[in-house]
Amino acid sequence: GMPGSWTFAIPLAMLLTLPAFLYLQKRQVVGNRAFGAAEFAFEARVSAFYKLALILLGLFVLGFVLLVAFVGVSVALSGSGKWAGPVAGFVASLVLFSVLGSAYAALSRNIVINATHVGSLRLSSRLKVLEVAGIYLTNVVAIVLSLGLLIPWAKVRMMRYQMARTAVIAKEGLGVCRGRPESRVAAVGEELGEAFGLDVSI
C-alpha cells in the first residue's frame, strides 16, 4: 500500500540527493573563504560527486562479496571452530569499512581541492585510497596496542601524509594574494583547514 511505498521512497530520495547536497555544502564552504585579497573559487561540478557515489557503491558491493567469501573460506578451513566465522567477519568488516571510509575521505578531498583556485593560485591534492586505508588501519592497530597512547602520533602521521600530497601551484607568485589589511586576513592554515577539511583524524 501507500505507507509501504513511502517507507522505501523517502530513504531512496535522500540517497539520490545526498551527492548534490555534499556538492552544495562544499561550494558554500569554499566560496566563503579568502586568502589575502583573493577569493576562493570552486569549479567542481555536481556530476563529480555522483561519480564518487557510484565508485563507493561499486566498492561496497565488491567488498561485501569478498567479505562473504572470506568468511565462508575461513569457516570451511577451521572445521568446527565456532569462533572462526565471527572473527573473520569482524576483521573483514573492519577492512571493508576502512577502505570505504578512506575512499570517501581521499576522493572527496581530491575533488574539492583540485577544483579550487585562489586568484591565480591553483591547489592540488593527490591522496591515494589504498595509502589512506593502510595508514588508517595501522593507526588503529597502533592505538589499540598502545591503549591510546599513540593517538597523537597517529594524528600527526595522517596529517603529514595529507600535507605531503597537497600542493599550491603559483603561476604568478604568492604576492598576488596580498593586499588585504592584516586584521582581515585569517591564517592560511586556518582557512585551508576549514575550507577543505584538512583534518588530522586517524
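Me: How many helices and strands does the protein have?
Reply: This is a predicted model, in which local features need pLDDT of at least 70 and side-chain atom pairs count only at pLDDT 80 or more, while totals for chains, interfaces and linings use all residues. Residues are numbered from 1 along each chain as its sequence is written, and side-chain values use heavy atoms, with hydrogens and water left out. Helices (DSSP runs of H or I, at least four residues) and strands (runs of E, at least two) are numbered from the N terminus. Counted that way, the protein has 6 helices and 5 strands.

Me: What is the mean pLDDT of the protein?
Reply: pLDDT is the predictor's confidence in each residue, from 0 to 100. It stays under 50 over residues 179-189 and over residues 198-202. In the protein, 80% of the residues reach 70 or more, and the mean pLDDT is 81.

Me: Is Phe49 buried or exposed?
Reply: Phe49 sits in helix 2. Leaving out residues up to four places away in sequence, its contacts (heavy atoms within 4.5 Å) include Pro19, Leu22, Tyr23 and Ile111. Buried means under 20% relative accessible area, exposed over 50% and partly exposed in between, using a 1.4 Å probe and protein chains only. Because its relative accessible area is 4%, Phe49 is buried.

Me: How many residues along the chain separate Phe49 and Ile111?
Reply: Phe49 touches Ile111, and Val112 as well. The C-alpha atoms of Phe49 and Ile111 are separated by 8.1 Å, yet along the chain the two are apart by 62 residues.

Me: Which residues does Val75 contact, leaving aside neighbours within four places in sequence?
Reply: Val75 belongs to helix 2, which covers residues 46-78. With a relative accessible area of 36%, Val75 is partly exposed. From Val75 to Gly85 is 10 residues in sequence and 5.5 Å in space, C-alpha to C-alpha. Beyond those neighbours, the contacts of Val75 are Ala84 and Gly85.

Me: What distance separates the C-alpha atoms of Asn114 and Ser124?
Reply: Asn114 lies in helix 3, residues 84-114, and is partly exposed at a relative accessible area of 38%. Apart from neighbours within four places in sequence, Asn114 contacts Arg122, Leu123, Ser124 and Ser125. Asn114 and Ser124 are 10 residues apart along the chain, and their C-alpha atoms are separated by 4.9 Å.

Me: Is helix 4 roughly parallel or antiparallel to helix 5?
Reply: Helix 4 (residues 129-145) and helix 5 (residues 151-164) pack with axes 9 Å apart, at an angle of about 170°. Axes are lines fitted to C-alpha atoms, for helices over the stretch in contact, and angles run from 0 to 180 degrees between N-to-C directions. Under 35 degrees counts as roughly parallel, over 145 as roughly antiparallel, 65 to 115 as roughly perpendicular and the rest as oblique. So helix 4 is, relative to helix 5, roughly antiparallel.

Me: How many nonpolar residues does the contact of helix 4 with helix 5 have?
Reply: Among those that meet are Ile135 and Tyr136 in helix 4 and Trp153 and Met158 in helix 5. Ala, Val, Leu, Ile, Met, Phe, Trp, Tyr, Cys and Pro count as nonpolar, Asp, Glu, Lys and Arg as charged, and the others, Gly among them, as polar. Besides 2 polar and 2 charged residues, the number of nonpolar ones in this contact is 10.
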